[in-house]
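Let's take a friendly walk through this model together. Please have the viewer open and follow along as we go.

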Amino acid sequence: LAPGRALGVLLDVTSGAVAVQAAVDEALLKAGHLDVVVNNAGYGLVGAVEEISDDEARRQMDTNFFGPLHVIQATLPHLRSRGSGWYVSVSSVAGIIGWAGNGLYSASKFALEGLSEALRREVAGFGIGVLIVEPGQFRTDWSGRSLVQSVNRLPDYSEVVATRSWPETVSGTEDGDPAAAARAVLAALDAPRPPLRLVLGPDAVAVVDNKLRSVARDVDAWRDVSTATGFGS
């Protein structure tokens, strides 16, 4: 790693709460304390909702959601006792919009975002902050070796699941610079008023803008029906 600057503790976040706690305890023993906890473990799962097996779905949620949950639960007593610290939840623009062919991945990120938003409200009084990072396409391994394809593939979804070709057509050509993303995260953490959500990449900003407009249109179009649902309405 980086002698004198970084210490490593191996952990499979899908190995359960007990194993996660043991790894956190080892990290605390080596480092003394924690200032920032970054939940970045995760991978993409490509496949239409109908194609995904139960094992594939559970593995996705174990890695992308339950792993971060166990890390948060294992580290929170330490951060509370210090009265400071940060949680950085690395989500995705897929945590804002459900992509065709990435339904389970989106579900895992939607869940992570809901958990993180609630966590921020719960721990703010302890001096602990929470930042949700929502990247678009960045030149990492996400579109390559970190992208898992569903075993079951139905011909009816061959045109819908466009992300199947990403390892060959997208991986290594993304416009997003991971180093620039890291600098943006640090800037957000150092800001006088850090955001809850940090959207990264112009592609992600466009997606989020479109999603917000779409939700606003639906709310406005159905406002009368939505509000006339109480007794006596």
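A salt bridge here is a side-chain nitrogen of Lys or Arg within 4 Å of a carboxyl oxygen of Asp or Glu. By that rule, the count in this structure comes to eight salt bridges. Before we look at some of them, a word on the ground rules. This is a predicted model, in which local features need pLDDT of at least 70 and side-chain atom pairs count only at pLDDT 80 or more, while totals for chains, interfaces and linings use all residues. Residues are numbered from 1 along each chain as its sequence is written, and side-chain values use heavy atoms, with hydrogens and water left out.

Start with Arg58, which forms a salt bridge with Asp54; their closest N and O atoms are 2.8 Å apart. Both residues sit in helix 2 (residues 54-82), four residues apart, about one turn of the helix. Helices (H or I, at least four residues) and strands (E, at least two) are DSSP runs, numbered from the N terminus. How accessible are the two partners? Buried means under 20% relative accessible area, exposed over 50%, and partly exposed in between, with a 1.4 Å probe and protein chains only. Arg58 is exposed, at a relative accessible area of 53%, and Asp54 is partly exposed at 48%.

Arg121 counts as exposed at 67% relative accessibility, while Glu117 is partly exposed, with a relative accessible area of 25%. Salt bridges that share partners join Glu113, Glu117, Arg121, Glu134 and Arg197 into one network. Elsewhere, Asp220 forms a salt bridge with Arg223, with the closest N and O atoms 2.6 Å apart, and Arg223 counts as partly exposed at 41% relative accessibility.

Back in helix 2, is Asn64 buried or exposed? Asn64, whose place is in helix 2, is buried because its relative accessible area is 0%. Two polar contacts involve its side chain; a polar contact is a pair of N or O atoms within 3.5 Å, where within protein one must be able to donate a hydrogen and the other to accept it, and residues adjacent in sequence count only if both atoms are side-chain atoms. A polar atom of the Asn64 side chain lies 3.1 Å from the backbone oxygen of Tyr43, and a polar contact of 3.1 Å joins the side chains of Asn64 and Ser108. Contact in the wider sense means heavy atoms within 4.5 Å. Leaving aside neighbours within four places in sequence, Asn64 is in contact with residues including Ala41, Gly42, Tyr105 and Leu112.

Now turn to strand 3 (residues 85-90), where six of six residues are buried. In a regular strand the side chains alternate between the two faces of the sheet. Here Gly85, Tyr87 and Ser89 point one way, and Trp86, Val88 and Val90 the other way.

Which strands flank this discussion as partners? Two strands pair if DSSP finds at least two bridges between them. Strand 1 (residues 36-39) pairs with strand 3 in the parallel sense over four bridges, and Asn39 stands opposite Ser89 in strand 3. Six bridges join strand 3 to strand 4 (residues 128-135), and these run parallel; here Ser89 stands opposite Ile132 in strand 4. The chain crosses from strand 3 through helix 3 to strand 4, and this β-α-β crossover is right-handed, meaning that, with the strands pointing away from the viewer, the path from the first strand over the helix to the second runs clockwise.
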